[in-house]
Amino acid sequence: MGADEKFENKAEELKGRAKEAVGDATDNEQWQAEGRAERAKADIKQAGEKVKDAFRSDK
């Protein structure tokens, strides 16, 4: 996984966490849901990249 991809995935995760926190603070269910979705998307991307890295290091 390239450093750029790691940074982008982490930034997306943090954006999701921030949006969810604002949603929690303001009791905005839409922002809470969007934040959870962004975090989940970033987690899936990170997991996929970890799998790629594992196969690359086995060679």
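Q: Helices (H or I, at least four residues) and strands (E, at least two) are DSSP runs, numbered from the N terminus. Where does D27 fall, then?
A: D27 sits in the loop between α1 and α2. Keep in mind that this is a predicted model, where local features need pLDDT of at least 70, side-chain atom pairs count only at pLDDT 80 or more, and totals for chains, interfaces and linings use all residues. Residues are numbered from 1 along each chain as its sequence is written, and side-chain values use heavy atoms, with hydrogens and water left out.

Q: How many helices and strands does the protein chain have?
A: Two helices and zero strands.

Q: Why is D27 called exposed?
A: Its relative accessible area is 62%.

Q: What else can be said about D27, and what is its phi near?
A: Phi of D27 is near 60°, a positive value in a residue other than glycine.

Q: What makes E12 and K45 a salt bridge?
A: The N to O distance between their side chains is 3.2 Å. A salt bridge asks for a side-chain nitrogen of Lys or Arg within 4 Å of a carboxyl oxygen of Asp or Glu, so the pair passes. E12 is in helix α1 (residues 3-26) and K45 in helix α2 (residues 29-58), 33 residues apart, and the pair links distant parts of the chain.

Q: Is E12 buried or exposed, and what about K45?
A: E12 has 17% relative accessibility, so it counts as buried. K45 comes out at 35%, so its label is partly exposed.

Q: How do you know that E38 and K19 form a salt bridge?
A: Their closest N and O atoms are 3.1 Å apart, and the pair links distant parts of the chain: E38 in helix α2, K19 in helix α1, 19 residues apart.

Q: Why does E38 count as buried, and why is K19 called partly exposed?
A: E38 has a relative accessibility of 15%, so it is buried. K19 has 21%, so it counts as partly exposed.

Q: Which residues is E38 in contact with, leaving aside its neighbours within four places in sequence?
A: Those are E12, K15, G16 and K19. Contact here means heavy atoms within 4.5 Å.

Q: Why is R36 called partly exposed, and why does E20 count as buried?
A: R36 has a relative accessible area of 43%, so it gets the partly exposed label. E20 has 12% relative accessibility, so it counts as buried.

Q: How many salt bridges does a search of the whole structure find, and which residues are linked in a network?
A: The search finds 10. K10, E13 and R17 are the ones joined in a network of salt bridges.

Q: Why is L14 called partly exposed, and why is I44 called exposed?
A: L14, in helix α1, has 48% relative accessibility, so it counts as partly exposed. I44, in helix α2, has 63%, so it is exposed.

Q: How far apart are the C-alpha atoms of L14 and A37, and those of I44 and N9?
A: L14 and A37 are separated by 12 Å and are 23 residues apart along the chain. For I44 and N9 the values are 9.3 Å in space and 35 residues in sequence.

Q: What percentage of the 59 residues is buried?
A: Buried residues make up 22%.

Q: Among contacts between residues at least 6 apart in sequence, what percentage joins residues at least 24 apart?
A: That share is 50% in the protein chain.

Definitions and conventions. Buried < 20%, exposed > 50% of the residue type's maximum accessible area, 1.4 Å probe, protein only.
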